[in-house]
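Please keep the sequence and the coordinates in view while reading.

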Amino acid sequence: MAIKKISVAGSEEPHKKRYVVVPGETIVSGEDYLPSDGTRRQGVDIVAARYGLAEEAGMVIRVISLTGAFVPRRGNQVIGRVSNITLNGWVIDIDWASNGFLPIDESPHFINKNEMDQFLAIGDMIVAKIMGITARGIDLGFDGPGLGKLEGGFAFKVSSNRTPRVIGREGSMINLIKENTKCDVAVGQNGWIWVYSENMDDMLKARKAVEMITEKPFVEGLTEKMEQWFQETK
Amino acid sequence: MGMGISKNTQEAMKTLLEQGKRFDGRKCVDYRDISVTYNVSNAAEGSARVMMGKTEVIAGVKLTLDKPYPDSPDKGNLMVSGDLLPLASPRYEVGPPKFDAIELPRLVDRSIRESHVIELDKLVVKAGEKVWTVIIDIYPINDDGNLVDAAVCAAIAALRQAKMPGITEAGFPDYKNRTKQGLPLAKEVIPLSVTIFKLGNALFVDPTREEAEAAEVKCNFGLTKQGKKYMVHSTQKTGAKPFTQKELETSAVLIGEKYDELYDKLKKVL
């Protein structure tokens, strides 16, 4: 079964339709194709290894997973919780099988090694970037805008596969939420979302909006629908 | 694994609960919707699935013929076991049972046993030699908080639905030919469990998982209603923070109200 190609009027490139596959389902057949994320080769077939949307990009076949655990990659932005303090850094629980590690050098100012909890104590939340993944663990860093310690607010978990929807195309969805709820929002690709505002009701509304988005993975034109929802509940 | 509760979230939850509100829009003393399904297992003598919001628990009742315990030769035996399956929550791992996994069946056991809902003295086949053993198995399928209350509901529902197996000529239980006779239960006794959680100065019931993780202390009550009086059979406090006397007095009223609420919801299906 080949991916059905549909061309969109006005575009040179034929658009490829994404469609739902389940593990074990043959996506395409033939030596010309290469298996990528969420797929594997079985004889001449390329078979889905995860439940998700199959997509063809040139010769490369991949499956955008719709469920399952977060798998960290270099460059991911994650929200974590400080679970331990060691001699040269903080151990960060990022909701995965192995812990993240934030070295003391990542602190924005000088820190006395005897008073490391002055900056990050156990139970504090941070938003950080994955700098590298080694056999020892996952190295985190504050190298980028918007990264650092999270003060106040609260965090909650959604499915990590739905975080791209929460952000939206070029951040359209996240900006919509920020504007309408006057909340500061940080999205971790591990599925944790942090919201902050002076007003508790605004934070609750932001949470409700995010949960609505993540519960509707197949709806098209979600940004418009959310805009409408914000108008109705104003 | 699963990420633990952060200080920020705990503080926000404390502020919210002290205002009498919760993340999901309920009030502090509101239970989620409860539903009961029977006959979820055909191998068990009685079984029930209880859904409390997203929390889902299956309880099964199995009957075997055993020797009685030496200290109670004229009584049947009761055993409650429970496992926290990794299926139920990212918090649970395979391996030796930890605190929560030991606590759950013990709390269920105590609320059922101490209410004397099962008339154990009627489960004797031959005194001192052969009695029925009632085994209640608790399987949490999804843990979204308040497993104990849901498990006690499931256990009592399964008990009330269970049918006695026959006895073969050789004296073994005949599971293929169940009798129509139910377990000897005290019909007017419905043991239920109500757990009161505390965070800051707020008391609340039926937490979701994040609320249960944020709670500083909890107190479980197993109770029944005799006529118009409530009877507390078992209590268990877990956590280091204390309850004040006033909070316990509030709880004493609250558990009665919550018992009635749960009973009303369950009475149609029990």
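Which residue stands opposite A:Thr26 in S7(A)? The residue is A:Val47. The structure is a predicted model, in which local features need pLDDT of at least 70, side-chain atom pairs count only at pLDDT 80 or more, and totals for chains, interfaces and linings use all residues. Residues are numbered from 1 along each chain as its sequence is written, while chains are lettered from A and ligands numbered from 1 in the order in which they are written.

A:Thr26 and A:Val47 belong to the pairing of S4(A) with strand S7 (residues 45–48) of chain A, which is antiparallel and extends over three bridges. Strands here are DSSP runs (E, at least two residues), as helices are (H or I, at least four residues), numbered from the N terminus; two strands pair if DSSP finds at least two bridges between them. In general, strands of a sheet pair through backbone hydrogen bonds, either parallel or antiparallel. In chain A, three strands in the order S4-S7-S6 make up an open sheet with antiparallel pairing. Its edges are strand S4 (26–29) and strand S6 (39–42) of chain A, each of which pairs on one side only. From one strand to the next, the twist averages 25°, with axes taken as lines fitted to C-alpha atoms (for helices over the stretch in contact) and angles running from 0 to 180 degrees between N-to-C directions.

Strand S9 (residues 60–65) of chain A takes part in a parallel pairing with strand S5 (residues 34–35) of chain A, over two bridges. There, A:Leu34 has A:Val60 as its bridge partner. S9(A) also pairs with strand S8 (residues 52–57) of chain A, in the antiparallel sense and over six bridges; in this pairing A:Leu53 stands opposite A:Ile64. The hairpin of S8(A) and S9(A) has two residues between the strands, and A:Gly58 takes a positive phi near 65° in it.

The contact between the chains takes 15 residues from chain A and twelve residues from chain B, two residues being in contact if their C-beta atoms, placed from the backbone, lie within 7 Å. On the side of chain A that touches chain B, strand S16 (154–157) and helix H3 (200–215) each supply at least two residues.

Confidence is given as pLDDT, the predictor's confidence in each residue, from 0 to 100. For chain A the mean is 87, and 92% of the residues reach 70 or more. Confidence in chain A is lowest in strand S1 (residues 5–6), at a mean of 44, and highest in strand S18 (residues 192–196), at 95.
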